[in-house]
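Please read the following briefing beside the sequence and the model.

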Amino acid sequence: MGAEVAAHLERLITSGELRAGDRLPAERDLAASLNVSRASLREAMFELESKKLIERHQGRGSVVAEQPEGVSQLYEGLSELDVEIANATELRDLVEPRIAQLAAVRAADSNLLSLEEVLARSHEELSPEESLALDVEFHTLLAHAAQNPLLVTLCTMTTDWTRRTRELSHRTLEGRRISVSGHRAIFDAVVARRAVPAGAAMERHLREIREVSSRA
């Protein structure tokens, strides 16, 4: 149960519903609102703290953590670049397979639950906007599962830079179907803790998405 609670709170943080500096309710109140035991909540809070997603202060409660300074500097520096789509795509091709490999080795149970929940909501009959939103959420959660905040930042930046291409890939049923099947293959390899197949599945997924986008 602790992993499920951690997965729920992590989704709220990664989706932006909970922002840096937001104070979480007292553990007793939060446990009651989530209908879980205090023990399960404490387990979840410990995991979120270990991932540096929250900060816990004795007597002052818990707050959503700021990004580490190195992450903020990287984000600010990359934001100033005049990025061409080809360069952004090349960077994504380098970064995301490595993220998948690390996720296969490092993902916590809560990470796997979060990814599985996104997949459960993903299907080809969604609107392009809904499908794209879940696509972004899946890749962001996968980056968090790699347990490296700098990789999360790079994933976020390449998502922004390649958004036009991704929008094209979600316009058609074929594109949405390929996106979901690609995510499932990546997830299956990550769950099996198979790093090399996870990276290969990501490479194949990115290649297929480019091909779909070029036909859109």
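**Loop residues with positive phi**

Arg193 sits in the loop that lies between α10 and α11, where helices (H or I, at least four residues) are DSSP runs numbered from the N terminus. This is a predicted model, in which local features need pLDDT of at least 70 and side-chain atom pairs count only at pLDDT 80 or more, while totals for chains, interfaces and linings use all residues. Residues are numbered from 1 along each chain as its sequence is written, and side-chain values use heavy atoms, with hydrogens and water left out.

- Although Arg193 is not a glycine, its phi is positive, at about 60 degrees.
- Arg193 has a relative accessible area of 38% and is therefore partly exposed, given that buried means under 20% relative accessible area, exposed over 50%, and partly exposed in between (1.4 Å probe, protein chains only).
- Asn35, in the loop between α2 (27–34) and α3 (38–50), likewise is a residue other than glycine with a positive phi, near 60 degrees.
- Asn35 counts as exposed because its relative accessibility is 70%.

**Domains**

- The domain assignment, where bounds come from an automatic or database assignment, divides the protein chain into domain 1 (1–64) and domain 2 (69–214).
- The C-alpha centres of domain 1 and domain 2 are 25 Å apart, and the contact between them, meaning heavy atoms within 4.5 Å, takes ten residues from domain 1 and twelve residues from domain 2.
- Domain 1 and domain 2 bury about 870 Å² between them, with 60% of it on carbon and sulfur atoms; buried area here is the accessible area (1.4 Å probe) that two parts lose on being put together, summed over both.

- Phe138, leaving out residues up to four places away in sequence, touches Leu115, Val118, Leu119, His183, Ile186 and Phe187.

**Packing of α5 against α10**

- The axes of α5 and α10 come within 8 Å and cross at roughly 40 degrees, where axes are lines fitted to C-alpha atoms over the stretch in contact and angles run from 0 to 180 degrees between N-to-C directions.
- Ala100, Ala103 and Ala104 of α5 make this contact with Ile186, Ala189 and Val190 of α10.

- Thr158 belongs to helix α8 and, with a relative accessible area of 1%, is buried.
- Apart from neighbours within four places in sequence, Thr158 is in contact with Ala88, Leu91, Arg92 and Glu96.
- Met157, also in helix α8, counts as buried at 4% relative accessibility, and Met157 and Arg92 are 65 residues apart in sequence but 9.3 Å apart in space, C-alpha to C-alpha.
- Arg38 is found in helix α3, where a relative accessible area of 36% makes Arg38 partly exposed.
- Arg38 touches Glu27, Arg28 and Ala31, not counting residues up to four places away in sequence, whereas Arg38 and Gly2 are 36 residues apart in sequence and 9.7 Å apart in space, C-alpha to C-alpha.

Notes: Helix = DSSP H or I, 4+ residues; strand = E, 2+ residues; numbered from the N terminus.
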